[in-house]
Amino acid sequence: MNHGNGGCPHGHGAETQMSQSRDESGSEGGVRPPRILAWETTGACNLKCKHCRGSSTEDADQDELTTAEAKKLLDEIRETGTPIIILSGGEPLMRDDIFEIARYGTDLGFRMTLATNGVLVTEEIAKKMKDAGIQRVSISLDGREKTHDAFRMIPGCFADSMKGIENLKKAGVEFQINTTISRFNVHEMEDVHNFTKEIGAAAHHFFFLVPTGRGAELSEFEITPEEYEVALEWLYDLSRKTDLQIRPTCAPHYFRIMRQHAKKEGIEITPKTHGLDAMTKGCLGGISFGFISRVGEVNPCGYLPVSAGNVREQSFKEIWENAKVFNDLRNYAEYKGKCGACEYKSVCGGCRARAYTEHGDYMEEEPLCSYYPEGY
């Protein structure tokens, strides 16, 4: 992200929601192509966020993928299809060749997006984004000025991010807001959503904190299963009345809650009643989403540090189709604990990264879920 990120709280934040039929979420019928790939283009970042997944610093890793390796990676990804590509970090704008990479991806037919903290987005940078074919930019805002600056640990970064947003607007680049939810700001969710609408964002994505990287030291900021449930209930209610595209991320139980409400209300979940939420599921890690690190390691997501392989040693297509961790995650029948017994596992899946953090086993049950399956 990335998920570390000044740029993308989780490494998967600048995508638009896309159609994904249910059969693309499981292992029946063979391996489906990736739909979204987050690429941690650099570990360098200009901020020092408390929740940083990548524990980013101002200096780039000397072993990061070169420009030539970056283009080769995009060529290999193209062999699997045309997923949305999220250029993330760290702060991707600290990479000198980021627009060359973006243009190359655009010319290959990818929907190129970029996750940034917004601080470095000058008028010139915004124009370069437009010229490189970047179709959406995500900006991380974790609250209004006081809350955001405290979480990002740089006084004035909120104001700088807002300048960046204005520059994106002038250049005609679509933007969304990403908000990392923790005990630090869970009570401000409604306020930050209203602010997101006021500033003209195309979407608002809520990321629920997964304690990894510097965030691993923030276990006291992790909300409880009960608080999590309340927050997701609120998000569901919001989805029924807001005209802004919203999406909870690292919050797979939302798709259980959506179905529980539909059952109570006697409503069938279809694209007409629930939009694109009807055509996707909770945890997509290793199923239709993947994460590529700055040194070429491929993971199910930026919060699950289990390597599926390295693109310097294998082709991306080979990794995507054959890696053990990916094929494990695609096999719901092998999920353990109450996740394995849950009637909603094919639409939720539980957060595999939290399971791994808690149990050392990504197939174990999700620790932040308060739901108990029928008869469990």
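Biologist: What should I know about the model and its numbering before we start?
Modeller: The model is predicted, so local features need pLDDT of at least 70 and side-chain atom pairs count only at pLDDT 80 or more, while totals for chains, interfaces and linings use all residues. Residues are numbered from 1 along each chain as its sequence is written, and side-chain values use heavy atoms, with hydrogens and water left out.

Biologist: What is the order of the strands in the sheet?
Modeller: The open sheet has ten strands in the order E7-E6-E5-E4-E3-E2-E1-E8-E9-E10, with mixed pairing. Strands (E, at least two residues) and helices (H or I, at least four) are DSSP runs numbered from the N terminus, and two strands pair if DSSP finds at least two bridges between them.

Biologist: And which are the edge strands?
Modeller: They are E7 (245–249) and E10 (309–310), each pairing on one side only.

Biologist: How many bridges join E1 to E8?
Modeller: Four bridges join E1 (residues 36–40) to E8, and the two run parallel. Ala38 stands opposite Phe291 in E8.

Biologist: Which residue of E9 is opposite Phe291?
Modeller: Asn299. E8 and E9 (residues 297–299) run antiparallel, with two bridges. Four residues lie between these strands in their hairpin, where Gly296 takes a positive phi near 95°.

Biologist: Are the residues of E8 buried or exposed?
Modeller: Phe289 and Phe291 point one way and Gly290 and Ile292 the other, and all are buried, meaning under 20% relative accessible area with a 1.4 Å probe, protein chains only.

Note on methods:
Buried means under 20% relative accessible area, exposed over 50%, partly exposed in between (1.4 Å probe, protein chains only).
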